[in-house]
Amino acid sequence: SFELDLALLPGSTAGRMRVEVSDGFHTAADVSDGPFTVQPKPPQATIYAPAAGSRLQLPFLATGYAYDPEDGPLAGTALSWHSDRDGPLGTGEQLLVEQLSTGRHLLTLVATDSQGAQGTAAVTVVVGGSEVYLPLVEK
């Protein structure tokens with residue numbers, strides 16, 4: 001017997017399994033008798049830059065990547081960038097961010113596949129400003 005993790009397979013309504021075995025000399029193979037269904041998976045999004053917790057000055061380059069088990073790598077308008085404070089920022093694997101309000105932002109990369117499923121990645125960053133955090137000293 002063999003347990004297959006279906007999380008590793010793309011979605012399908014017509015899945016078939018082929019098994020090959022060998023003793024080093026003889027080989028045998030068999031194909032499943034009928035199709036089976038594997039549920040579709042949402043894309044996986046990753047933000048490469050900026051790093052979480054970064055203190056940024058404008059402009060800065062946001063870069064990300066997304067992979068969908070059914071569609072493969074996603075690009076262009078399938079990737080959209082958002083700020084929790086300023087709303088939509090743009091699309092694509094790379095985005096030059098030239099305007100963003102000063103302060104803390106949750107930047108989110110949303111990946112949307114051809115079936116409309118979405119996956120997200122997010123980082124919190126601070127834009128501009130001159131906040132200085134000093135240690136608390138008690139007497």
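Figure 1. Thr 108 has its place in strand β12, which covers residues 103-112, where strands (E, at least two residues) and helices (H or I, at least four residues) are DSSP runs numbered from the N terminus. The model is a predicted one, in which local features need pLDDT of at least 70 and side-chain atom pairs count only at pLDDT 80 or more, while totals for chains, interfaces and linings use all residues. Residues are numbered from 1 along each chain as its sequence is written, and side-chain values use heavy atoms, with hydrogens and water left out. With a relative accessible area of 18%, Thr 108 is buried, a word that stands for under 20% relative accessible area, whereas exposed stands for over 50% and partly exposed for what lies in between (1.4 Å probe, protein chains only). Leaving aside residues up to four places away in sequence, Thr 108 touches Ser 80, Trp 81 and His 82, and also Thr 120, Ala 121 and Ala 122, a contact being heavy atoms within 4.5 Å.

**Figure 2. Gly 103 in strand β12.** Gly 103 is also found in strand β12, and its relative accessible area of 11% makes this glycine buried. When residues up to four places away in sequence are not counted, Gly 103 touches Arg 85 together with Val 125, Val 126 and Val 127. The C-alpha atom of Gly 103 is separated by 6.6 Å from that of Gly 128, although the two residues are 25 apart along the chain.

**Figure 3. The salt bridge between Glu 20 and Arg 18.** A search of the whole structure finds one salt bridge, defined as a side-chain nitrogen of Lys or Arg within 4 Å of a carboxyl oxygen of Asp or Glu. Glu 20 forms this bridge with Arg 18, and their closest N and O atoms are 3.0 Å apart. Side chains of opposite charge can pair when their charged atoms come close. Glu 20 is exposed at a relative accessible area of 52%, and Arg 18, with 52% relative accessibility, likewise counts as exposed.

**Figure 4. The chain that holds these sites.** The secondary structure of the chain comes to 13 strands and zero helices. Along the principal axes, the C-alpha atoms of the chain fill a box of roughly 75 × 45 × 25 Å. Of the 139 residues in the chain, 29% are buried. Among contacts between residues at least 6 apart in sequence, 50% join residues that are at least 24 apart.
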